[in-house]
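Please take a moment to look over the sequence and the model before reading on. The text is meant to be read beside them.

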Amino acid sequence: MFFKSKIKWFALVTLLVSSVSLLVHLHLARYSSRDIVQIRSTSILDDDFTLKFGKHTMRYKKLWGSIKSLESVQPFANPRSTYPVPNEMNNGFIYAKIYGGFEKIQSAIADLVTVARLLNATLVIPEIQESGRAKGISSKFKSFSYLYDEEQFIAALANDVIVVRKLPQNLQEARKKKKFSTFSPKNSASPDFYIRYVLPKLKKSNVIGLLISEGGCLQSILPSSMAEYQRLRCRVAFHALHFRSEIHDLGLQIVERLRASSDPYLVFHPGLVRDTLAYHGCAELFQDVHTELIQYRRAQMIKQGMVHEELSVEPHFRRKNGSCPLMPEEVGLLLRAMGYPSNTVVYVAGSETYGGQRVLIPLRAMFTKLVDRTSLCSAKELSDLIGPETPLPSDLPWSPAPKSEKEIIEEWKKAGPRPRPLPPPPARPIYRHEKEGWYGWVAETDHEPDPSLVDLRFKAHRLLWDALDYIVSLEADAFFPGFNNDGSGWPDFSSLVMGHRLYEMASVRTYRPDRKTLIGLLDDIKEHMYHPKRNWTFSVREHLNKSLNEDGLMRASQLSKPNLFLSHPLPECSCRISGFVKTTRPVKGNPSEQLYRSLDECPEWMQRGLETISSKDTNMEGEVVDEGESLEDDVDMEEQPESNQGGSPSEPDDEMDPDD
């Protein structure tokens, strides 16, 4: 009776099938777990392999590797024609005062030495006014030696210009009485200006003075017949100007700490400087008091004739035109689109970041290893760099001296009839951060006060911080500028770093982005900034990768070099290795063909030495990576190129989260 019921038969079959299914699943699960364990162990081995041989992986080469097509470009600033040694029987002495920050000083000294050579004069070591005006800075250092090594400067230029520490005694007295002519040349002054106007005065009085405030005193582009003077600029900026030993040693210690984990590091210089923002009309990038302060500085520049525009300009147009610096958040998105992981070591350079740590918060959220000199150096190391300084008098109100009990009783007796009202409560104390600083005057007056002694000393300290960051930036595996001089304004930190890296190591990864192009790309995703489309990611990579090679160099030659020679010292200060093993032969019509055609061939002794080094490196590498492989084929990258095959043209792209 039991088996005659169809329902009971169905239940029995279902029970058997379920039992078999359960046994099969248990069996599969056992073997799957073995596979999982095997896969995990394999991934661990792969991670160890990457840590040990990271520089040979495709991902490492695409994010940190050198630019192969530029490896044949080598530094060569030696004289290439007859260059007589200077002698003391020259036209006289030139002394100079240099005003401005670190980047203006670096650029101005290179121009100053070139002018001294042009006029066949003896150069007195220039005075750096940012340190000379600061009262009470360490007596260990003079004006020039506050930043640089005087002995190295004099010795390195022995074959170019005679350099002395000070004027002869009789000429010093005459200088104090202002008996000598003083000139304030523009940074675009031509060689003809010095030959026609300055040289006659020099020959007549044997001494002239120069006041340099625009970051230079000689035009950037010189005639082709003056190529040796351009190479002299390179020898000054890249060989003669050595920081004093304390700065140099601490800078290298920071580099060692950045490399302690054997990981590469990237340097980002925001370029958010108040003067730059005011000059280009970028006040609206900020809010509240920051905008007001930028506009006030712009009004000052208009009054001084530095800016020939209206006070209020369209900030959004300036930003789209590429005149304004990229914001740190935007740079973070670009770096993540390039494929830099969130644990990348990013060093923030620059003594001034307008807006402070607040503007760096989004970048810090994207890159957890965001560091600067204050996080890598102890307070004692930084104070030792400054040296012993005399205390400055405080401008805060002094608290009254405590009264004795006898004085209190006498005042009580003379206080008049009783009952007496209670005394007013004590005034709120005025804190130092409210009284001093670049923003403290806004609530009290409509006019910015003259800098206090503390402000002047802080400006002198900034020279030291910029020098440290300059050393770290030169040694970086990659450099990304938030703003650089691309044909407007005055010398800036990023432009000098980019030019120095191009001179010493042309093949290292130095991004030279076109901000106008990047702003257009960023505006395309302003509604979904943290979830851009895949095609946007590849557009960013394509542009930034082009900025690393000949395309970026040609653009810098057209825009930056006319305003600052040291930002692009090619081809005058470099040469090419014709038989270099890793050199890619340039194709006619490409930017590389134009670049290599303008470079002279390196001397034989240099070529032989570099070929020997190259052959050793090739033997040590063992593994050769095909550079023709595109970025899209990198298995370490999560994004893949979009495909239109089999899909509707109106179908939206898949989104990519750069935080994944």
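The paragraphs below go through a sheet, one of its strands, a helix, a single residue and the cavities. The model is a predicted one.

The sheet comes first. Five strands make up an open sheet, and their order across it is β10-β9-β8-β11-β12. The pairing in this sheet is parallel. At its edges stand β10 (370-371) and β12 (509-510), each of which pairs on one side only.

Within that order, β8 has β9 on one side and β11 on the other. Strand β8 covers residues 265-269, and five of its five residues are buried, so the strand is largely enclosed by the rest of the structure. In a regular strand, side chains alternate between the two faces of the sheet. In β8, Y265, V267 and H269 point one way, while L266 and F268 point the other way. The residues of both groups are buried.

The two neighbours of β8 can be taken in turn. Strand β9 (residues 345-348) pairs with β8 in the parallel sense, over four bridges. Here Y265 is placed opposite V345 of β9. Strand β11 (residues 478-481) also runs parallel to β8, and four bridges join the two. On this side, L266 has A478 of β11 as its bridge partner, and H269 stands opposite P481 of β11.

Next comes a helix. Helix α16 takes in residues 379-386, and its buried residues are L382, L385 and I386. Why do the buried residues of α16 line one face of the helix? An α-helix has 3.6 residues a turn, so residues three or four places apart point the same way. Seen down the axis of α16, the buried residues fall within an arc of 100 degrees, so they line one face. These buried residues pack against two other helices, α9 (245-258) and α19 (453-475). Just after α16 comes G387, which takes a positive phi of about 90 degrees.

V164 belongs to β5, a strand of residues 163-164. I154 lies 10 residues from V164 along the chain, and the C-alpha atoms of the two are separated by 7.5 Å.

The last topic is empty space inside the model. Rolling a probe the size of a water molecule over the atoms shows where such space is left. How many cavities of 30 Å³ or more does a search of the whole structure find? The search finds four. The largest cavity has a volume of about 100 Å³. It is lined by 13 residues, of which N484, M498, R512, A556 and S560 are the closest to its centre.

Two helices each supply at least two residues of this lining, namely α20 (493-504) and α23 (550-559). Of the elements that contribute, α20 gives the most, with four residues. By residue type, the lining of the largest cavity divides into three nonpolar, eight polar and two charged residues.

Terms used: Residues numbered from 1 in each chain as written. Predicted model: local features only at pLDDT ≥ 70, side-chain atom pairs only at ≥ 80, totals over all residues. Heavy atoms only, no water. 1 Å grid on protein atoms, 1.4 Å probe; cavity = no way out; pocket = protein on both sides within 12 Å on 5 of 7 lines; lining within 4 Å. Points joined across faces, edges and corners; volume = space filled by probe spheres on them. Nonpolar A, V, L, I, M, F, W, Y, C, P; charged D, E, K, R; others polar. Buried < 20%, exposed > 50% of the residue type's maximum accessible area, 1.4 Å probe, protein only. Arc of directions from axis to C-beta. Contact = heavy atoms within 4.5 Å. Pairing = 2+ DSSP bridges.
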